[in-house]
Amino acid sequence: MKLPKRIGFANLPTRIEKLDRISQELGTQIYIKRDDQTGSEISGNKVRKLEFAVQEALDNGCDYLITCGGIQSNHARATAAVAAKLGMGAYLVLRGKEDSEVEGNYFLDKMLGAKIKFITPEEYKNSRMDIMEEIKKGLDKEGHKAYILPEGASNGIGSFGYYKAMEEILEQEKELNIKFDAIVTAVGSGGTYAGLYYGNYINNNDAIIYGVNVCDNAEYFTNTILELFKEIYKYTGEEVLVGKEDIKILDGYVGRGYALSEPQEIEFIQNFAKKEGVILDPVYTGKAMYGLVEEIKKGTFNKHKNILFIHTGGIFGWNSFARSLV
Ligand SMILES: Cc1ncc(COP(=O)(O)O)c(C=O)c1O
């Protein structure tokens with residue numbers, strides 16, 4: 001299958017490591033793919049998506065990237081870093097308040113020179129696309145050509161990032177002589193899951209792809225992911241013939257809500273760090289790994305031999321609220 005072009009930013013392939021002590025404790029084999037180490041400023045899962053989306057922006061002669069996310073959005077920070085690296089402008093539409101503490105990803109957005117517009121949660125929910133279109137119009141009037149990336153770069157083009165990651169995993173299986181029969185990722189906007197699923201499907205691999213949603217619910221993300229397949233199809237002409245029941249979203253780990261932590265989640269992340277020397281983030285990977293461990297305990301993974309968890313990054317998301325729970 002012919003993929004769209006991409007610009008290289010990420011340090012690839014990312015390592016796959018065994019989680020020895022957690023595996024022993026749970027009586028199973030758990031591995032972690034270190035996509036948190038795709039880079040530094042431009043890091044985490046977003047880089048893989050940006051490699052395809054930003055190439056499309058460049059091919060269209062764009063000199064500005066516009067995107068959106070929460071105030072601590074990893075995707076917005078990675079977009080700001082890519083823009084700075086390429087000498088482009090970045091305009092971020094963030095859900096939050098101007099007087100918020102300048103820390104984590106928001107601090108880095110500023111360091112990287114991004115323009116920032118804050119909007120309320122209601123505006124974000126109902127009209128973020130219109131707001132980004134307005135900004136684009138303004139920039140175009142000033143003589144720029146702006147490219148809009150949706151939340152999390154989760155659209156057809158962005159999803160190719162994890163299509164490629166799936167191919168990388170298949171190569172690594174050969175090198176490591178391991179077959180991963182379950183692959184698990186956090187789900188925040190759906191593009192990582194959609195790309196992995198698509199890669200698994202097109203390559204006739206029979207791993208089960210599981211997602212742990214960190215906001216909304218399983219129904220919402222199942223629909224989002226099926227829609228993303230349609231968008232990917234526009235680029236490849238290769239359809240995914242699956243139904244809702246094939247999309248495996250493990251619901252029940254959103255906790256207090258998106259980017260809000262519960263003490264037991266933070267305690268889990270602390271124990272995990274001490275046991276494995278790996279730092280998870282409080283917004284995505286901490287909740288997803290917590291969910292995976294709970295589901296293993298419940299028996300959901302009994303039929304699987306080798307589980308691969310994707311560490312999608314997010315370390316800059318340790319804001320003061322989450323740290324206050326440590
Ligand atoms: C660190 C991290 N992990 C996981 C995700 C979820 O990925 P996706 O948005 O593709 O569902 C995101 C972004 O939403 C993220 O920033």
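How many cavities of 30 Å³ or more does the structure hold? The structure holds 1.

## The model

This is a predicted model, where local features need pLDDT of at least 70, side-chain atom pairs count only at pLDDT 80 or more, and totals for chains, interfaces and linings use all residues. Residues are numbered from 1 along each chain as its sequence is written, and side-chain values use heavy atoms, without hydrogens and water.

## The cavity

The largest cavity has about 40 Å³ of space. (On a 1 Å grid over the protein atoms alone, a cavity is a set of points where a 1.4 Å probe fits but cannot get out; a pocket is an open set with protein on both sides within 12 Å along at least five of seven lines; lining residues have an atom within 4 Å of a point.) A volume is the space filled by probe spheres set on the points, which are joined across faces, edges and corners.

The cavity lining includes A259, P282 and N319. By class it has 5 nonpolar, 3 polar and no charged residues. Ala, Val, Leu, Ile, Met, Phe, Trp, Tyr, Cys and Pro count as nonpolar, Asp, Glu, Lys and Arg as charged, and the others, Gly among them, as polar.

## The pocket

About 930 Å³ of space lies in the largest pocket. Its lining has 41 residues; R128, E151, G188, S189 and Y220 lie nearest the centre. By class, the lining of this pocket splits into 14 nonpolar, 18 polar and 9 charged residues.
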